[in-house]
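Here is a short briefing on one protein model. Read it with the structure open beside you.

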Amino acid sequence: MLNKQRISIKQAKPGLIVSDDIYNSTNQLVISKGVMLTDRIITRLKFNSISEFNIIQETKEPLMPVKETSYSQKVRESIEFQEFQSAFTEQVDTFKNEFNKLTDKNEPIDIDGLLEHTSDLLHKTRNGIHVFDMLHCMRQYDDITYVHCMNVSLLCNVFGQWLKLPDKDLEVLTLAGLLHDVGKLSLPGELINKQEKLTASDYITIKTHPIQGYNILKNKGLDPRIANAALMHHERCDGSGYPYKIKGDEIEPFAKIIGIVDVYDAMTSARVYRPALSPFEAISVFESEGLQKYDPAYILLFLEKIVQAYVGNRVRLSNGKEGEIRLINKQALSKPVIQLASSFLDLSKEKDLKVEALL
Ligand SMILES: [Fe+2]
Ligand SMILES: [Fe+2]
């Protein structure tokens with residue numbers, strides 16, 4: 001059973017989980033609820049003069065049936081998730097070593113070894129949207145680049161299956177997802193893990209990672225789509241991306257797929273400065289930022305598959321009411337039709353209402 005306990009900063013130690021958002025004296029969010037303490041986060045709390053805060057404490061009492069647990073809690077409590085999380089943590093550690101070797105020009109690339117990480121994890125899940133749910137419920141990791149690359153690789157594999165790609169292409173896409181941000185290894189570590197607001201010059205440096213990645217991968221004897229995906233995953237169909245602002249068909253198809261998964265993972269993973277967005281919040285961000293940035297053949301299928309998976313699920317709306325997702329609306333995927341106690345509510349007709357949380 002989970003209880004809250006108030007502790008002083010002196011009692012803080014890595015591994016404890018924060019139960020409420022923590023703000024500093026100027027009301028800025030320091031750490032979001034649900035984040036696991038690390039040495040770095042404890043330093044951050046001290047730096048912000050936080051003297052005490054609440055943590056989640058596990059007691060030895062048996063689990064009591066809870067009246068209404070949130071969707072994420074249900075996923076987190078499942079044995080399947082716990083196994084996935086520990087396998088994931090293990091895989092990240094070994095992946096980290098192999099990933100770092102890639103920058104060495106003379107080191108041959110071990111494709112099978114790299115793909116093993118993804119396939120091992122995929123075998124631990126029921127696959128499909130379940131992978132999305134599990135990744136969404138993961139605690140926040142410090143090794144952001146490695147974890148993000150593993151997430152993107154797993155999500156690319158699921159997306160590639162939705163696209164019915166032949167096995168060989170699916171393998172190339174999964175590997176391309178795993179390696180898409182390898183160029184970040186060439187950037188200063190302090191910049192990649194920087195927790196303060198990035199400056200204009202930081203952005204200029206970060207935006208070189210696609211070209212750096214391409215240079216690392218181009219002569220490794222890999223399928224050329226892999227280096228091209230690293231080069232083009234930040235390009236957008238309407239020409240609003242980088243580094244070359246190319247458009248539509250000029251962009252490698254695998255780069256378009258990775259571009260979508262990349263943004264989705266960044267939004268739905270917890271970060272030190274904000275909690276993870278729910279799938280519906282993420283879809284609504286895609287819609288408000290403009291779907292024309294993405295290839296319609298990919299983005300519509302991707303978002304529709306995610307929404308479709310939650311039809312029949314109970315949700316809480318932004319006005320506090322609860323209901324069940326009944327029908328999806330292809331013109332406004334983040335705004336499905338909801339069945340309330342005695343009526344139906346079409347969210348696409350309610351400007352100020354949205355799905356706030358899955359229950
Ligand atoms: Fe990137
Ligand atoms: Fe990325």
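Lys330 is exposed, because its relative accessibility is 53% and exposed means over 50%. This is a predicted model. The side chain of Lys330 meets that of Glu304 in a salt bridge, 3.2 Å from N to O. Lys330 sits in the loop between strand E7 (322-327) and strand E8 (337-339) and Glu304 in helix H14, so the pair ties together parts that are 26 residues apart in sequence.

**Salt bridges**

- Side chains of opposite charge can pair when their charged atoms come close.
- How many salt bridges does the structure hold? There are 12 salt bridges.
- Glu304, the partner of Lys330, is partly exposed at 22% relative accessibility.
- A salt bridge also joins the side chains of Glu171 and Lys168, at 3.7 Å from N to O.
- Both Glu171 and Lys168 lie in helix H7. They are three residues apart, about one turn of the helix.
- Glu171 is partly exposed, with a relative accessible area of 35%. Lys168 has 55% relative accessibility, so Lys168 counts as exposed.
- Lys349 and Asp346 form a salt bridge through their side chains, at 3.2 Å from N to O.
- Lys349 is exposed, with a relative accessible area of 67%. Asp346 is partly exposed, with a relative accessible area of 23%.
- Some salt bridges share partners: Asp169, Asp223 and Arg225 are joined this way into one network.

**The iron ion (ligand 1)**

- Which residues coordinate the iron ion (ligand 1)? They are Asp181 (OD), His209 (NE2), His233 (NE2) and His234 (NE2), at 2.2 Å.
- The site of the iron ion (ligand 1) is irregular, with angles of 83 to 172° among its four donor atoms.
- Along the sequence, the donor residues of the iron ion (ligand 1) follow the spacing D-x27-H-x23-H-H.
- Asp181 and His234 link distant parts of the chain, 53 residues apart. Asp181 is in the loop between helix H7 (167-179) and helix H8 (189-192). His234 is in the loop between helix H11 (224-232) and helix H12 (253-268).
- Is His234 buried or exposed? At 15% relative accessibility, His234 counts as buried, because the cut-off is under 20%.

**The iron ion (ligand 2)**

- The iron ion (ligand 2) has His148 (NE2), His180 (NE2), Asp181 (OD) and Asp262 (OD) as its protein donors. These donors lie 2.2 to 2.3 Å from the iron ion (ligand 2).
- Why is the arrangement around the iron ion (ligand 2) irregular? The four donor atoms subtend angles of 74 to 168°, which makes it irregular.
- The donor residues of the iron ion (ligand 2) are spaced H-x31-H-D-x80-D in sequence.
- His180 has 0% relative accessibility, so His180 counts as buried.
- Which residue bridges the iron ion (ligand 2) and the iron ion (ligand 1)? Asp181 does, and the two ions lie 3.4 Å apart.
- Asp181 counts as buried, at 2% relative accessibility.

**Helix H12**

- H12 has 16 residues. From its first C-alpha to its last, H12 reaches 23 Å, close to the 22 Å expected at 1.5 Å a residue.
- H12 is mostly covered, with 13 of its 16 residues buried.
- At the start of H12, a side-chain oxygen of Glu252 comes to within 3.0 Å of the backbone nitrogen of Phe254.

**Aromatic pairs**

- How many aromatic pairs are found in the whole structure? A search finds 14.
- One of them is Phe84 with Phe88, a tilted pair at 6.0 Å centre to centre, with 40° between the planes.
- Phe84 and Phe88 both belong to helix H3 (residues 79-101). They are four residues apart, about one turn of the helix.
- Phe84 and Phe88 are both buried.
- The ring centres of Phe159 and Phe302 are 4.8 Å apart and their planes are at 45°, so this pair is tilted.
- The pair links distant parts of the chain, 143 residues apart: Phe159 in helix H6 (residues 144-162) and Phe302 in helix H14 (residues 296-309).
- Phe159 and Phe302 are both buried.
- Ring pairs also build a cluster from Phe132, Phe159, Trp162, Tyr264, Tyr298 and Phe302.

Methods:
Residues numbered from 1 in each chain as written. Chains lettered and ligands numbered in written order. Predicted model: local features only at pLDDT ≥ 70, side-chain atom pairs only at ≥ 80, totals over all residues. Heavy atoms only, no water. Donors = N, O, S within 2.8 Å, 3.2 Å for Na, K, Ca; no water. Tetrahedral: all angles 85-135°; square planar, octahedral: opposite > 155°, others 65-115°. Helix = DSSP H or I, 4+ residues; strand = E, 2+ residues; numbered from the N terminus. Buried < 20%, exposed > 50% of the residue type's maximum accessible area, 1.4 Å probe, protein only. Expected span 1.5 Å × (residues − 1). Polar contact = N/O pair within 3.5 Å; in protein donor to acceptor, adjacent residues only side chain to side chain. Phe/Tyr/Trp six-rings, centres within 6.5 Å; stacked < 30°, edge-to-face > 60°. Salt bridge = Lys/Arg side-chain N within 4 Å of Asp/Glu carboxyl O.
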